[in-house]
Amino acid sequence: MSTTTMKKICSIFIGSVIDPCVGQWVDLPMDPDELDALCDDIRGYAHCEELFIPDYEGVLTVGEYDNIFQLNERCEDLTDFSDDQLTALQELSEWVSQDEAIEIVENGQYRFYPDCWTMAEVAEIYADEIGDLDRIPEDLRCYFDFESYGRTLEINGRFARMTSEIGYIEYWL
């Protein structure tokens, strides 16, 4: 058994197709030899060659019949991601393909807007930072409709409400 501990990216339940109750939860990534031995144990106990993943938890989206060993490799590739990057990956996977989400995160093409309850709050921060309202006199700025501007930003598909915490994430390709 390996003594090296790796950062957990996701947990999957590996079960037998014939008897889904026969199986085990594992944290990925894990040593490929240990994973192979575990799969062999499940196959032998259930007298079934075919395994599947009926349940999972973590930052990746996992299908029931995804290749367990390829999934393990993908998880290993993500162990260098920071916690913020893993959060971004999980959030973006709700809106774009998993491969696109990984590319966006690897290239740093995202930004968090934490503690924003509405897109109007995001729009106000966004407009202030990019200088959209710099030429408008201060006494007229209060009439700017941040709610409509926020709705437009959201419709244009660059912002998404986060599901794991309060706030929004902006991304660009």
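Me: Where is Asp 77 found, and is Asp 77 buried or exposed?
Reply: This is a predicted model. Asp 77 belongs to helix α2, residues 68-77. Exposed means over 50% relative accessible area. Asp 77 has 59%, so it counts as exposed.

Me: Which C-alpha separation is given for Asp 77 and Pro 29?
Reply: Their C-alpha atoms are 8.8 Å apart. Along the chain, the two are separated by 48 residues.

Me: How do I read burial for a whole helix, say α3?
Reply: Count the residues under 20% relative accessible area. In α3, residues 83-92, seven of the 10 are buried, so the rest of the structure largely encloses this helix. The buried set includes Gln 85, Leu 86 and Glu 91.

Me: How do α5 and α7 cross?
Reply: Look at the axes. Those of α5 (residues 119-130) and α7 (residues 146-155) come within 7 Å and cross at roughly 90 degrees. That makes the two helices roughly perpendicular. Among the α5 residues in the contact are Met 119, Ala 123 and Ile 130. The α7 side includes Phe 146, Tyr 149 and Leu 153.

Me: What about salt bridges: how many are there in the whole structure?
Reply: Side chains of opposite charge can pair when their charged atoms come close. A search here finds eight salt bridges. One of them joins Arg 111 and Glu 129, with closest N and O atoms 2.4 Å apart. Arg 111 sits in strand β4 and Glu 129 in helix α5, 18 residues apart, so this pair links distant parts of the chain. Arg 111 is partly exposed, at 28% relative accessibility.

Me: Which side chain meets Arg 158 in a salt bridge?
Reply: Glu 170 does, at 2.3 Å from N to O. Arg 158 lies in the loop between α7 and β5, and Glu 170 in strand β6, so the bridge ties together parts 12 residues apart in sequence. Arg 158 is partly exposed at 32%. Glu 170 is buried at 5%.

Me: Which residues do shared partners join into one network?
Reply: Asp 128, Glu 138 and Arg 141.

Me: Which residues make the nonpolar surface patch?
Reply: Ile 136, Leu 140 and Tyr 143 make a patch of about 330 Å². Leu 140 lies in helix α6, residues 138-141. Its relative accessible area is 46%, so Leu 140 is partly exposed.

Notes: Residues are numbered from 1 along each chain as its sequence is written. This is a predicted model: local features need pLDDT of at least 70, side-chain atom pairs count only at pLDDT 80 or more; totals for chains, interfaces and linings use all residues. Side-chain values use heavy atoms; hydrogens and water are left out. Patches are made of residues with over 30% relative accessible area and no salt bridge: like charges are joined within 9 Å, nonpolar side chains (Val, Leu, Ile, Met, Phe, Trp, Tyr) within 5 Å. Accessible areas come from the Shrake-Rupley method with a 1.4 Å probe; for residues, only the protein chains shown count as cover. A salt bridge is a side-chain nitrogen of Lys or Arg within 4 Å of a carboxyl oxygen of Asp or Glu. Helices (H or I, at least four residues) and strands (E, at least two) are DSSP runs, numbered from the N terminus. Buried means under 20% relative accessible area, exposed over 50%, partly exposed in between (1.4 Å probe, protein chains only). Axes are lines fitted to C-alpha atoms, for helices over the stretch in contact, and angles run from 0 to 180 degrees between N-to-C directions. Angles under 35 degrees count as roughly parallel, over 145 as roughly antiparallel, 65 to 115 as roughly perpendicular and the rest as oblique. Contact means heavy atoms within 4.5 Å.
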